[in-house]
Amino acid sequence: MSVHFRLIAALTVIFAFFNLFAQLQVEVKDGAVADYKMAVSPLAVLGGADAGLSSEITGSIEKVLDITGYFKVLDKDSFLEKPEVAFNKVDFKSWLNVGANGLIKGSIKGKDDVELELVFYEVAGGKERLHKKYSTKAGMAKKAAYRFVAEVIKILTGEEMNFMFSKIAFIEKTGDKYNLVVTNFDGSNKKVLVSTTATVLLPEWSADGSKIYYTSHEKNNPNLYSIDLKTTRIKTVSAYDGLNVSPSAYPDNKTIALCLSKDGNSELYSLDTTTNELRRLTTNAETDTAPSVSPDGKEIVFVSNRSGNPQIYRMSLADLSKVERLTEQGNYNQDPEYSPDGKKVAFSGRDEKYQFDLFIIDLATRSIERITQNQGKNESPTFSPDSKVIGFSSNRSGKGKLFLSNVSGTKQIAVYSGEGEVMMPSWSPAETN
Amino acid sequence: MKQIFNFCAVAVFVFTMVCSCAGNPPKDEREAAESAFKDVEAAKDCAREDYLAAEELLNQAREEINNKNYDKAKELFNMVKEKSDAIAKYYREHPDECMKKKNDETGENGGNGEDGDIKESDVTSSEAVDPAADPKNPDMDFQVVHFEYNQYAVLEEDLPKIDIMAQWMMNFPERVVRIEGHADERGSNDYNLSLGEKRAAEVKNKLIQAGIDSARIKIVSYGEERPVDPASNEEAWFKNRRAEFKHEN
């Protein structure tokens, strides 16, 4: 990794630099918290710019860095240098004094058509590592800033992240009312797509992100519907007697795996939504449900009660007899979700304290890592499209809120809490607008 | 609880009677008579004279069985059946009058203790049938049945509720019901939808076993979405793990 070589060359210069090097190694190796201290100076507000937008962008940059778990974002109250100081006049000593390893500084100009300028410096060497100018509409300025942060993260960790461009769908239940809600990854820009006192359950994105599937009891039977995000048109996808639930999209953007109970008990099927052709995947007297299709479309993970209690299984779609049990510990493992990179499966399981917590299986090593512990009920894990972050619902602070965590579980923050109970989040595919 | 006791008492009685006889007792006639008579228990207040007469005939028939007079017994059983059917018909055709009579006669327990050796009449007569739980009542309250955590077998003490439901469906053959299956809040929503479905399907199977046409029983699962008690404790969870009967027509 070229970052390393350059850092090694500079190793002898100063102690702070050594410190940075040590942290970078940890980050790249196993994703543990590295505690790289990043100062994000509030954007300078220039000619005609909206101060509110400026601070919103600053906050968004901080939030993205924070969620990755790789950075400690410094408190701006401690900063010694004013935001208005010109890019070529930065006093790096003052940033060293506040303990910063890195500094992001910027400015915004104009009201409707804005010019956003952002720079990332390594404080110790006083070196400019990235410098960009973006000209765009005000409404797109935040997205431009996300592009910049994604590049900074890539420079420091070598990892490609795109979670900041994606959305999350979830259910918010207030009293008897169910809302199907979509927000940006950080809980901002809330849109209610469906609102009803009949249920709205288990939302899931189509492979291209243009539709959301969900189940509702609107017709007194849990039927599966889809809503088109652009036109908001609702279509019935599957309405067999009994359950039509738990959709998961195949990469072909027309087939879904789902659970139907039309044959007397919960079984898994795949459904071609263009021809309505069904293929039965399981045959079992016990419950099989909650399929999640692998990103290559060749296998599914799912929940089955065939051992007497719910456990996570993996099945080849080319050979349905190839079924393998993935969880051995605990007697209530549910909600499996394939990571979009195909390497991991997240699930929720009931622990020895009878509380539901999140776990991640590494499919290569079969090791299972615990993500949450002693923090209330944590359910419905969903991976960001870059597989770097998981979203889930947690009631650790009372009612259910939407939480995000890095995949090692070391950084967990609430990003949305509204009037009601947040349930069943589902992360969109990459960039949906 | 009373219903269970009643049910057990009858069962034990019938069992004892059946075992005590030898030769060729009129088994079919007897079964038909006992069952028809049992079915009109609820009508005993509104058709009291006929009911008592049928009861007397039944006792005589049983006596004849004991005396091994099977032909005589057969004849008597047939009469019991006929009488019971007539009572049932009257009850069906005059439900309001029957209800009214029953209410007018509160506190009166029959008390005709001339048959000292037959305990059955005491048990049934001391039991005032609650019209809300009376399978002869078209507006009978549907009972809720409960389940253990992550199980779909109906709790044993709730099985008689399904028997009553089956009787009600027999009595009103044009009615269609919906069984709603529910789970407590623990576990994932999708798994709980499957669990609720299993519970509803189990109750449906019990009704089918009792002779109800499956086309008259719809099922739907709400998973954990419709708790009767939103609290997070054992008591609430118990209440929420349930199957409910609803009118579909």
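Predicted model: local features only at pLDDT ≥ 70, side-chain atom pairs only at ≥ 80, totals over all residues.
**Notebook: chains A and B**

I started with chain B: among its contacts between residues at least 6 apart in sequence, 72% join residues at least 24 apart. Contact here means that the C-beta atoms of two residues, placed from the backbone, lie within 7 Å.

Residues are numbered from 1 along each chain as its sequence is written, and chains are lettered from A and ligands numbered from 1 in the order in which they are written.

**Chain B, overview**

I looked up the elements and got nine helices and four strands in chain B. Helices (H or I, at least four residues) and strands (E, at least two) are DSSP runs, numbered from the N terminus. Along the sequence the pattern reads α-α-α-α-α-α-β-α-β-α-β-α-β. Of the 249 residues of chain B, 35% count as buried. Buried means 20 or more other C-beta atoms within 10 Å of the residue's own, exposed means 12 or fewer, and partly exposed is in between, with C-beta atoms placed from the backbone.

**Helices 3 and 4 of chain B**

How do these two pack? Helix 3 (residues 48–66) and helix 4 (residues 70–93) of chain B meet at an angle of about 160°, with axes 8 Å apart. That makes helix 3 of chain B roughly antiparallel to helix 4 of chain B. The label goes to angles over 145 degrees; under 35 is roughly parallel, 65 to 115 roughly perpendicular, and the rest oblique. Axes are lines fitted to C-alpha atoms, for helices over the stretch in contact, and angles run from 0 to 180 degrees between N-to-C directions.

I then checked who touches whom: helix 3 of chain B brings residues including B:Tyr51, B:Leu57 and B:Ile65, and helix 4 of chain B brings residues including B:Leu76, B:Phe77 and B:Ile87. The contact residues divide into 14 nonpolar, two polar and four charged. For these classes, Ala, Val, Leu, Ile, Met, Phe, Trp, Tyr, Cys and Pro are nonpolar, Asp, Glu, Lys and Arg charged, and the others, Gly among them, polar.

**Where chain B touches chain A**

The contact takes 16 residues from chain B and 30 residues from chain A. Which element gives the largest share of chain B's side? It is helix 8 of chain B, with nine residues. By class, I noted six nonpolar, six polar and four charged residues on the side of chain B that touches chain A.

**Strand 27 of chain A**

Six of the six residues of strand 27 (residues 389–394) of chain A are buried, so the strand is largely enclosed by the rest of the structure. A:Val389, A:Gly391 and A:Ser393 point one way, and A:Ile390, A:Phe392 and A:Ser394 the other.

I followed its neighbours next. Strand 26 (residues 378–383) of chain A runs antiparallel to strand 27 of chain A, joined by four bridges, and A:Phe383 stands opposite A:Ile390. Pairing requires that DSSP finds at least two bridges between the strands. These two strands form a hairpin with five residues between them, and A:Ser387 in the turn has a positive phi of about 65°. Six bridges join strand 27 of chain A to strand 28 (residues 401–406) of chain A, also antiparallel; there A:Gly391 has A:Leu404 as its bridge partner.
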